[in-house]
Each structure stands twice: as C-alpha cells, then as structure tokens.
Amino acid sequence: MGVAIFLALLVAPEDSDQGISQRIFYIHVPIALTAYFCFGLGAWKALRLLVRGEERHDLESYVAIHQGTIFGVLTLVTGSIWAKASWGHWWLWSEDQLVLFLVLFLFYCAYFMLRFSLEEGPRRARSSAVYALFGVVLIPVSFLAIRLAEGLIHPTVFTRDGPQMSASMFATFCVAWAAVTLLAYVLYRVELVGKRLDADLHELREILR
Amino acid sequence: MTYLTDVSALARKDLKIELRARDTLPAMLLFVLSTLVVFHFALPAESASDAAYGLLWVAIVFTALLGLSRAWVPEHEHGVLDGLILAPCDRSAIWLGKTLATLAFLLAAQVVALPAFALFFASLDVTAVAGVVLADVGICVVGSLLAAMAAASRARELLLPLLVLPLSIPLIVGGVGAAISPDGERYLLFLALYDAVFAVLSWASFEYVVTE
C-alpha cells in the first residue's frame, strides 16, 4: 500500500514537464475522485439500509461518508495549493470543483451534526441514511448550479488546457489513482473494524452490567 | 382521492392552528421586514441594486428557516405526531400537508416582503417573482422533511439551519440568477428541476424519518 504511493510519487516527477506545480495533479485528482466514490458508496449503503433494513449498512454508510469527508478536505487543501501555485490565488470562486467540494464539505459536516444529536437506534440510522441520499443527489444539482452561477458572475470562464497527458503521465496517474483508492479502502476497513469492535464492546459491557 | 383528502385535512389543520394561535406568521412578517431594514443600513449608500437582490435572498432563506423551525413544534408538544403515524393514512400525506401549510405561510410572508423590497431597494420583474415562488417551493419541500429530522434530535432548532443551508445553495443560485440574469428562464427551469427532484426524494423518504 505505502509502496504504491511511494512509487507514484517517485515516478511522477520524471514526466512532469509543466513545472513542480503539475505534480500535485497526481495526488489531487485521485483524491477528489475517491471522495466522490466514498460519498457514492455511503449513499448506496444508505439505500440498502432503507430498502432491506439491514442494520450493518448503517455503520458502513457512516464510515464511507466519514472517509469521503476526510478525502474531501484533502481535496480542498491540495486544490487550494495547486490554485496558489498555478494562478497565484489560494481560492478561486470560478474553480467549480473547489466550490462544489466546499458545499459538500458543509453538507457532510451537517450530516455528522445530525448523526451525533439523534438518539442511537433504528430511527437515527434511517434519518442519516435519508440525509446521505440527499447528499448524493445534491452533488449533480449543485454542480449544475455552480456552472450556471459561473456564467453569471464570471462571464469569461477560466480557460485552462486540459491535461494533455502522454502515455507515461497517464500511467502515473492511473497508479496514483489506484493507490489512493486502495488507501481509502484500507482506511475504510480499518475504521469499520474499529467501530464494530467498539459496538461489540459496548454491548458486552451492557450485558455484564 | 382519499390521499388528497388526507393531505388537505392535514394542511387545513395547520392553517387553523395558525389562525387561532397566530404565533408563526406574524413573527415571520416582522422578521422579514426588519431584516430588509437592517440590510438598508448594512449596504453602503451607493451600492448597486444587484447587491440588494442578493440580500433579498438571504432574507427569504432566513425567514423560511424561522417558519420551518416552528413547523413541527405543535406535533411534538402534544404527541400529535405519534397519533398521526398511527392514523390509517399514507405517511407521506403528513409530509405533503405540512409542506403545503409551510408554503402557505412563506408565500404570505412574501406577499408583504416583495412589495416592501420593491419599495425600499429595486423593482422586481415577473421572472424574479417566479424565481421566488419556485425557490419557496423548494425550501418548503426539503425543509419540512429536514425539520422533522431536526425536531427528533437533541439539538432541535440549532440543527435545522445547518441541515437546510447547504441544500439551499442551488436554490439561491437559481433565484439570484432569475432576478438579475438577462436569460432568467434558464434559471427558472433549473429551480423547477430542483423542486421536482427533491419533492420526489422527500415524498419517498418521509416515512423512514418519522417511524420508530
């Protein structure tokens, strides 16, 4: 796992011909894609919970969204650094991916607030699941909104050459993507195991009392 | 047909409570008016009217939050919600009734707020008003579901703005766009899309939120 990331970082510099700032692309974009994936997974588990009513999906959905939020914050940070390096500003409202991640970040922080202020039980599981589903619908809707707003506030959309990737750059990108996804998966499993252990311990303590 | 009868009975119940107790609508009216007055002093004297349109949207969203935070209070205070859930009607009818009642309050507040805005700040055209109405529908659709969630939580009124505001960002984009953009129809279409998507989602998921 660590080796994969190390390789990606080591391979990346040799084919970055747009200066040092280009290198962050190999970290930033995979992290962003992974964050989307985690939110999607969280919503999928939430849907399973609502349809099938299986308790274990609640924890899985929560853990996936937790990971998604962590990766979302990382996206904001790396994106901000990249923006500073290539355009000279820490924050650009015309960069719609960044704005979208800010909206999502606010949304999923509210998700945690909701979760921690409800009594534990099936009702909390279902309420969080419904909110998680709202989140995954919010992603395309606010993306559309931000695109619309961009045309309104900034008539000249920030034009930037798409990443003209050579084969080796694309390969590096794929390795980095795989590495980040693997990292997310490992973190997901670790946190899930931890939380389950926690829940089991809690149950045991209740029984012993 | 019984579904619609249930919905209208529930909505009428809320309106009747409001007519007798009068504790939400006057508060909303006073709030939106005083917000507009505060904004007059908050804006620099020579600022463009575009900025005023933005502030109108801030006033609308916060007024809606004020109304929504009171929406489920009568149900919770007297345990009415448990009775409604046990009643032999579709649970989503409870949500629809509440949405319609909240929407009626919000539109009533708007009937006062929009002329006041036009008087104090800048004129509003038909597209802008249509944008306000569509955004009101969106806020009520999402908000009445989230308010039911928040009412069951420990944080109560504190939680509701946190839940609603991120979801209302697309509505504000659409509403402001409808007011100031030359091709406002595009924004109206977007608002209608938002309303439709979230109405279906809330309608389908309300039952999961209120049942134990």
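Helices here are DSSP runs (H or I, at least four residues), numbered from the N terminus. The structure is a predicted model, in which local features need pLDDT of at least 70, side-chain atom pairs count only at pLDDT 80 or more, and totals for chains, interfaces and linings use all residues. Residues are numbered from 1 along each chain as its sequence is written, while chains are lettered from A and ligands numbered from 1 in the order in which they are written.

α6(B) covers residues 91-120, 30 residues in number, and spans 43 Å from its first C-alpha to its last, close to the expected 44 Å. That expected span is 1.5 Å times one less than the number of residues.

Two packed helices are described by the angle between their axes and the distance between the axes. α6(B) packs against helix α7 (residues 126-151) of chain B at about 145 degrees, with the axes 9 Å apart. Axes are lines fitted to C-alpha atoms, for helices over the stretch in contact, and angles run from 0 to 180 degrees between N-to-C directions. Residues are in contact if their C-beta atoms, placed from the backbone, lie within 7 Å. The contact comprises 11 nonpolar, five polar and two charged residues. Ala, Val, Leu, Ile, Met, Phe, Trp, Tyr, Cys and Pro count as nonpolar, Asp, Glu, Lys and Arg as charged, and the others, Gly among them, as polar.

In chain A, helices α3 (residues 56-87) and α4 (residues 96-117) pack at about 145 degrees, with their axes 10 Å apart. Among the residues in this contact are G68(A), G72(A) and G79(A) of α3(A), and F101(A) and F105(A) of α4(A). The contact residues divide into 11 nonpolar, six polar and one charged.

Between the chains, 24 residues of chain A touch 25 of chain B. On the chain A side, α5(A) gives the most, with 15 residues. That side holds 19 nonpolar, three polar and two charged residues.

Confidence is given as pLDDT, the predictor's confidence in each residue, from 0 to 100. Chain A averages 78, and 78% of its residues score at least 70. Within chain A, confidence is highest in α4(A), at 87, and lowest in helix α1 (residues 2-11), at a mean of 59. Residues 154-163 of chain A have a pLDDT below 50, and this stretch has six contacts in the model beyond near neighbours in sequence.

Key. Helix = DSSP H or I, 4+ residues; strand = E, 2+ residues; numbered from the N terminus. Contact = placed C-beta atoms within 7 Å.
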